Amino acid sequence: MDKNAISLLKQEHEEVKKLLNKLMETSSGAAKTRTDLLEKIATKLRAHTKIEEEILYPALRDAGSDKEKKMYHEAVEEHRAVEELVLPDLEKTDPSSNEFAGRAKVLKELLEHHIDEEESELFPDVEQLFEASQLKSMGEKMADLKQQYLH
Ligand SMILES: [Fe+2]
Ligand SMILES: [Fe+2]
């Protein structure tokens, strides 16, 4: 395994974005497809969020200054908005209803915003604060933890 923490997370971002785009292309007639896609998104996302919050985010908060602490709190709140409000709400929505598409769009926009911020601000900061070897060992820990959360 030659992935470091950042490349692992970026790859997961691409996977989730692809699934969100697929979800947006579905219609209210494709309830089963919507349910299946949403389940895939939710599982991937919950594992992703956990490995960020357990390994990458605390490392950033502890190694950085006030700027990093602010970034940390903002990112955690964005996770919370998605995982405690928007995602559970969508999971309770009838996939054959008109509300579903609207709520799926809100989820997609929130996640795209969050991913953009991570990739343009948070990750570059992490790359400056840590050595390549540290990023690699963080990536290994994250990959192990991810397996636990996916099963
Ligand atoms: Fe995140
Ligand atoms: Fe992320």
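Does lysine 69 count as buried, partly exposed or exposed, and what is its relative accessibility? At 34% relative accessibility, lysine 69 counts as partly exposed, where buried means under 20% relative accessible area, exposed over 50% and partly exposed in between (1.4 Å probe, protein chains only).

This is a predicted model, in which local features need pLDDT of at least 70 and side-chain atom pairs count only at pLDDT 80 or more, while totals for chains, interfaces and linings use all residues. Residues are numbered from 1 along each chain as its sequence is written, chains are lettered from A and ligands numbered from 1 in the order in which they are written, and side-chain values use heavy atoms, with hydrogens and water left out.

Donors are N, O and S atoms within 2.8 Å of the metal (3.2 Å for Na, K and Ca); water is not among the atoms, so sites may look incomplete. The table sets out the protein donors of each ion.

| Ion | Protein donors | Distance from ion | Spacing in sequence |
|---|---|---|---|
| iron ion (ligand 1) | Glu52 (OE), Tyr57 (OH), His79 (NE2), His114 (NE2), Glu118 (OE) | 2.1 to 2.8 Å | E-x4-Y-x21-H-x34-H-x3-E |
| iron ion (ligand 2) | His13 (NE2), His48 (NE2), Glu52 (OE), Glu118 (OE) | 2.0 to 2.2 Å | H-x34-H-x3-E-x65-E |

Glutamate 52 forms a bridge between the iron ion (ligand 1) and the iron ion (ligand 2), which are 3.2 Å apart. Histidine 79 belongs to helix α3 (residues 66-91) and glutamate 118 to helix α4, so this pair ties together parts that are 39 residues apart in sequence. Helices here are DSSP runs (H or I, at least four residues), numbered from the N terminus.

Around the iron ion (ligand 2), the 4 donor atoms subtend angles of 83 to 173°, which makes the arrangement irregular. Four donors count as tetrahedral if all angles lie between 85 and 135 degrees; four count as square planar and six as octahedral if opposite donors are over 155 degrees apart and all others between 65 and 115; anything else is irregular.

Glutamate 118 is buried, with a relative accessible area of 1%, and histidine 79 is buried with a value of 5%. Not counting residues up to four places away in sequence, histidine 79 touches Thr49, Glu52, Glu53, Tyr57, His114 and Glu118, contact meaning heavy atoms within 4.5 Å.

## Further residues of helix α3

Lysine 69 also lies in helix α3. Apart from neighbours within four places in sequence, lysine 69 contacts Arg61 and Gly64.

Tyrosine 72 lies in helix α3 and counts as buried at 14% relative accessibility. With neighbours within four places in sequence set aside, tyrosine 72 is in contact with Tyr57, Pro58 and Arg61. Tyrosine 72 and aspartate 36 are separated by 36 residues in sequence and by 32 Å, C-alpha to C-alpha.

## Packing of α1 against α5

Helix α1 (residues 5-25) packs with helix α5 (residues 132-150) at an angle of about 45°, their axes being 7 Å apart. Axes are lines fitted to C-alpha atoms, for helices over the stretch in contact, and angles run from 0 to 180 degrees between N-to-C directions. The helices α1 and α5 are therefore oblique to each other; angles under 35 degrees count as roughly parallel, over 145 as roughly antiparallel, 65 to 115 as roughly perpendicular and the rest as oblique.

How values were computed. Helix = DSSP H or I, 4+ residues; strand = E, 2+ residues; numbered from the N terminus.
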